[in-house]
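Here is a short report on one protein model.

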Amino acid sequence: MSGHLPVMLAEVLDMLAPKDGEHYVDGTFGGGGYTRAILEAADCRVLGIDRDPDAIARGQDLVAQFGGRLTLIHGEFSNLATYLDGARADGVVLDLGASSFQFDEPARGFSFRDSGPLDMRMSKEGPSAADFVNTADERDIARVISQLGEEHNARRIARAIVAKRPVTTTGELAQIVKDAQGPAAARLAIHPATRTFQALRIHVNDELGELERGLEAAAGALAPFGRLVVVSFHSLEDRIVKRFLTARATTAPLGSRHAPVARRAQPAAFRLLTHRPLMPGATEVEGNPRARSARLRAAERLAA
């Protein structure tokens, strides 16, 4: 498989530490980069999950190559306990970014580099980005762009989108956002539509909700000493992962005389393997610019 470079692959393998006879879950199969590396690192089994049916179709060559050691399932990683059917995993890895295949295919509507239908649905099911921007009220659009894109000009952009309805292509939306940002947009370090596209993609796919559900599912599915490795690509995702792991780790704060929380809300379930997020090295970023915003956090499940 080509066209997709797995981000921070060496660090992911180092944290996951695959071993012979064990069972791993790649919850965001995508281009199959992590899965291939895990299967090559040890005589183990991998369950690959992806809600993009195209990713599952592309992965069939890998299934054939590793005969019986790789199983692919079309679905959401928040349902991994169902897919494991009572079995426990020795490691779960999640790459929270959209795959290069999705960005590189204009027909999927994730990117404004080449104009395509305003879609952005990872599963190819449910309401698209066009459905949202053409039917939601202005306040709702502004809220999504502000909260999920952390865009300061969200109200101005939402007003411009509503005025230009119907918006049907990524090219149209990018131009509307750029025009709404005004001359100051030329001084931005990124394309003026980047944050708006990020916000709509996260909203359309409920990415933050899926992450919260997926972390809970992974915690419940991991065997003692199993490892959870998560690669995120923006602060909203990283904040959720950090809070989830910190609240369940042996190093979680116990309170003080100023904030006398004498006990944790729940017993510690993880030992942190990364107290600060790991970031890609300069060489990787130079070869794969999409890795530049990656942040990796990992933790090990404690024995019950």
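M8 sits in the segment before helix α1 (9-16). Helices (H or I, at least four residues) and strands (E, at least two) are DSSP runs, numbered from the N terminus. This is a predicted model: local features need pLDDT of at least 70, side-chain atom pairs count only at pLDDT 80 or more, and totals for chains, interfaces and linings use all residues. Residues are numbered from 1 along each chain as its sequence is written, and side-chain values use heavy atoms, with hydrogens and water left out.

**Backbone angles**

Phi of M8 is near 55°, a positive value in a residue other than glycine. M8 counts as buried because its relative accessible area is 0%. The cut-offs are these: buried means under 20% relative accessible area, exposed over 50%, and partly exposed in between (1.4 Å probe, protein chains only).

F225 also has a positive phi, near 70°. F225 belongs to strand β5. With a relative accessible area of 54%, F225 is exposed.

One peptide bond deserves a look too. R165 and P166 are joined by a cis peptide bond, with omega about 0°. P166 is in the loop between α9 (154-163) and α10 (170-181). Most residues other than glycine have a negative phi, and most peptide bonds are trans.

**Strands**

Now turn to strand β4, residues 89-95. Six of its seven residues are buried. Two strands pair if DSSP finds at least two bridges between them. Strand β1 (residues 23-26) runs parallel to β4, and three bridges join them. In this pairing V25 stands opposite V92 of β4. Strand β5 (residues 222-232) is also parallel to β4, joined to it by six bridges. Here V92 stands opposite L228 of β5.

**Helix α13**

The buried residues of α13 are L236, E237, D238, I240, V241, F244 and L245. They pack against α8 (138-149), α12 (207-221), β5, β6 (270-272) and β7 (295-301). Contact here means heavy atoms within 4.5 Å. An α-helix has 3.6 residues a turn, so residues three or four places apart point the same way.

**Salt bridges**

How many salt bridges does the structure hold? There are 20. A salt bridge is a side-chain nitrogen of Lys or Arg within 4 Å of a carboxyl oxygen of Asp or Glu.

| Pair | N to O distance |
|---|---|
| D104 and R290 | 2.9 Å |
| D119 and R121 | 2.8 Å |
| R201 and E207 | 2.8 Å |

Take the pair D104 and R290. D104 lies in helix α6 (residues 100-104) and R290 in the loop between α14 (282-287) and β7, so the pair ties together parts that are 186 residues apart in sequence. D104 counts as partly exposed, at 34% relative accessibility. R290 is partly exposed as well, with a relative accessible area of 33%.
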